[in-house]
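Q: Can you walk me through this one? I'd like plain answers.

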Amino acid sequence: MYNRSSLLQACALAFLVTCLGGLGLTSMRAAAQQETAAVPAGGKWKVYRDDRYAFRLSYPPDSQVQTGRDRGYQYLRVHNYEPEPGGQSSMQSGEYHLEMLIFDHRLGHRMPSPCRDLVREARQVRAGKVNALRGLAERSEDAGATSFALCLQAGKVDVLVMATEQDPLGPIANRLLDGVRFGN
């Protein structure tokens with residue numbers, strides 16, 4: 001028999017699956033919209049919105065945004081830091097890099113591991129209208145930097161979001177992850 005918490009989680013997951021399953025097959029770039037949103041205590045951040053995968057995220061106005069498709073996933077990158085060739089440079093204070101990996105099962109994409117294996121010190125959080133795991137990412141490509149993660153698995157789409165910065169407390173990275181919302 002279901003308890004109230006299980007029923008609410010099942011309803012939220014069903015809503016996400018319905019939203020994600022019913023969306024058109026336009027490309028991420030065509031479906032995405034950028035707008036400006038007021039964010040308290042830090043000025044105006046921009047908002048990236050993707051209608052196909054029903055998410056949005058807030059990011060600083062000095063960021064570069066890139067979208068694309070790689071083998072096995074689609075991605076969205078938001079950053080003000082570009083590592084030098086060979087990856088020998090390290091992030092400086094105030095620099096950040098966010099990478100969202102979207103594994104669309106309808107396109108044959110599969111996340112390499114379950115969220116519980118990709119996120120250390122994980123705790124369950126709400127990311128808009130869905131539940132997700134949030135903690136530290138298992139990998140960081142920049143020596144000395146800390147990668148924070150948000151991961152969710154749904155019926156047709158899995159998403160892993162990693163935000164990295166030099167500061168071990170991650171004020172920018174965590175604010176970026178706080179700005180990720182699913183279910184528009």
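Q: What am I looking at, and which residues count?
A: This is a predicted model, where local features need pLDDT of at least 70, side-chain atom pairs count only at pLDDT 80 or more, and totals for chains, interfaces and linings use all residues. Residues are numbered from 1 along each chain as its sequence is written, and side-chain values use heavy atoms, with hydrogens and water left out.

Q: How many helices and strands are in the chain?
A: Four helices and eleven strands. They are DSSP runs numbered from the N terminus: helices are H or I with at least four residues, strands are E with at least two.

Q: How much of the chain counts as buried?
A: 45% of the 184 residues. Buried means under 20% relative accessible area, exposed over 50%, partly exposed in between, using a 1.4 Å probe and protein chains only.

Q: And contacts between residues at least 6 apart in sequence: what share joins residues at least 24 apart?
A: 49% of them. Contact means heavy atoms within 4.5 Å.

Q: On to the sheet. What is the strand order in the open sheet of seven?
A: β4-β5-β6-β10-β9-β8-β7, with antiparallel pairing. Two strands pair if DSSP finds at least two bridges between them.

Q: Which strands stand at the edges?
A: β4 (64-70) and β7 (119-127). Each has a single partner strand, so one side of each is left without a neighbour in the sheet. The twist averages 20 degrees from one strand to the next. Axes here are lines fitted to C-alpha atoms, for helices over the stretch in contact, and angles run from 0 to 180 degrees between N-to-C directions.

Q: How many bridges join β5 and β6?
A: Six, between residues 73-79 and 96-104, in the antiparallel sense. Y75 stands opposite L101 in β6.

Q: What about β7 and β8?
A: They pair over seven bridges, again antiparallel. V125 has A132 in β8 as its bridge partner. Their hairpin has two residues between the strands, and G128 takes a positive phi near 80 degrees.

Q: Which strands does helix α4 lie across?
A: Helix α4 (residues 171-178) lies across β6, β8 (130-137), β9 (146-153) and β10 (157-165). It runs at about 155 degrees to β10.

Q: Switching to β2. Why is it called largely enclosed?
A: Five of its seven residues are buried, so the rest of the structure largely encloses β2. β2 pairs with strand β3 (residues 55-59) over five antiparallel bridges. In β3, S58 is the bridge partner of V47. The β2-β3 hairpin has four residues between its strands, where A54 takes a positive phi near 55 degrees.

Q: Is K46 buried, exposed or partly exposed?
A: Partly exposed, because its relative accessibility is 30%. K46 sits in β2 (residues 44-50). Y59 is 13 residues away in sequence, yet 5.4 Å away C-alpha to C-alpha.

Q: Now the cores. Which residues touch the most other members in the largest one?
A: F55, L57, M100, L150 and F182, out of 30 residues. A nonpolar core is a set of buried Ala, Val, Leu, Ile, Met, Phe, Trp, Tyr and Cys residues joined through side-chain atoms within 4.5 Å. Another core, of 13 residues, lies apart from it, with Y73, L101, F103 and M162 among them.

Q: What does M100 touch?
A: Leaving aside neighbours within four places in sequence, its contacts include F55, L57, Y75, V161 and F182.

Q: How many aromatic pairs are there?
A: Three. Rings of Phe, Tyr and Trp (its six-membered ring) pair if their centres lie within 6.5 Å; planes under 30 degrees apart count as stacked, over 60 as edge-to-face and the rest as tilted.

Q: Why is the Y48 and F55 pair stacked?
A: The ring centres are 6.2 Å apart and the planes are at 25 degrees, so the pair is stacked. Y48 is buried at 2% relative accessibility, and F55 is buried at 0%. Y73 and F103 form a tilted pair, 5.9 Å centre to centre with 55 degrees between the planes. That pair links strand β5 to strand β6, 30 residues apart.

Q: Which residues do ring pairs link into a cluster?
A: Y48, F55 and F182.

Q: Last one: which ring does the charged end of R175 sit over?
A: W45, at 4.1 Å from the ring centre. R77 lies over the face of Y75, 3.8 Å from the ring centre. A charge sits over a ring if NZ of Lys or CZ of Arg is within 6 Å of the ring centre and within 35 degrees of the ring normal.
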